[in-house]
Amino acid sequence: MEISWVRVYQAANSLEAHSLKGMLESEQIEVTLSGESLSAGAGELPMDVVQVCLWVPETQVTRARARLKAYEAAGEVEWQCPDCREWNSGRFEICWQCGGEKP
Ligand SMILES: [Zn+2]
């Protein structure tokens, strides 16, 4: 079956796009980026005006959107507790569930 890709997020810059890509891939969500060729081709553009979009397969859109929503709410990338595997907001320095320290 052919995969249809859905755009789920427009990142502010390439750095954000790559950190989000890593976050989603760690959850076994496939991610592809578009828009990066702009930075390579244009050269003159400052990094922050180059917008990179994240695309995921249609079947993984719901999961991806849920993760991205949590990311936006936290204001930064979440972290997973090494002890209990719980996901925590980037604003927390300790795991809300078991009190374990942020790695
Ligand atoms: Zn924990």
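This is a predicted model: local features need pLDDT of at least 70, side-chain atom pairs count only at pLDDT 80 or more; totals for chains, interfaces and linings use all residues.
Residues are numbered from 1 along each chain as its sequence is written, and side-chain values use heavy atoms, with hydrogens and water left out.

Let us start inside. Of the 103 residues in the chain, 33% are buried; buried means under 20% relative accessible area, exposed over 50%, and partly exposed in between, with a 1.4 Å probe and protein chains only. The largest nonpolar core has 17 residues, where such a core is a set of buried Ala, Val, Leu, Ile, Met, Phe, Trp, Tyr and Cys residues joined through side-chain atoms within 4.5 Å. Val8, Tyr9, Leu20, Leu24, Leu54, Val56 and Leu68 have the most contacts inside this core. Two or more residues each come from β1 (5-11), α1 (14-25), β3 (52-57) and α3 (61-74). In soluble globular proteins, nonpolar side chains tend to be buried together.

Setting aside neighbours within four places in sequence, Leu20 is in contact (heavy atoms within 4.5 Å) with Tyr9, Leu54, Leu68 and Tyr71. Across the chain, 50% of the contacts between residues at least 6 apart in sequence join residues at least 24 apart.

Helix α1 deserves a look of its own. Its buried residues are Ser14, Glu16, Ala17, Leu20, Met23 and Leu24.

Now for the charged pairs. The whole structure holds three salt bridges, each a side-chain nitrogen of Lys or Arg within 4 Å of a carboxyl oxygen of Asp or Glu. Lys21 and Glu25 form one of them, at 3.0 Å from N to O. Because Lys21 and Glu25 lie four residues apart in helix α1, about one helical turn separates them. Glu25 is partly exposed, at 36% relative accessible area. Another bridge joins Glu27 and Arg67, with the closest N and O atoms 3.6 Å apart. This pair links distant parts of the chain, with Glu27 in the loop between α1 and β2 (32-34) and Arg67 in helix α3, 40 residues apart. Glu27 is buried at 17%, and Arg67 is buried at 10%. Lys102 and Glu93 also pair, at 3.9 Å from N to O; here Lys102 is partly exposed at 29%, while Glu93 is exposed at 55%.

Finally, turn to the metal. Which atoms hold the zinc ion? The SG atoms of Cys81, Cys84, Cys95 and Cys98 coordinate the zinc ion at 2.3 Å. Donors are N, O and S atoms within 2.8 Å of the metal (3.2 Å for Na, K and Ca), and water is not among the atoms, so sites may look incomplete. The four donor atoms subtend angles of 104 to 117 degrees, so the arrangement is tetrahedral, a label for four donors that requires all angles to lie between 85 and 135 degrees. Along the chain, the donors follow the spacing C-x2-C-x10-C-x2-C. Cys81, in the loop between β4 (79-80) and β5 (87-88), and Cys98, in the segment after β5, are 17 residues apart. Cys81 is buried at 0% relative accessibility, whereas Cys98 is partly exposed at 39%.

Notes: Four donors count as tetrahedral if all angles lie between 85 and 135 degrees; four count as square planar and six as octahedral if opposite donors are over 155 degrees apart and all others between 65 and 115; anything else is irregular.
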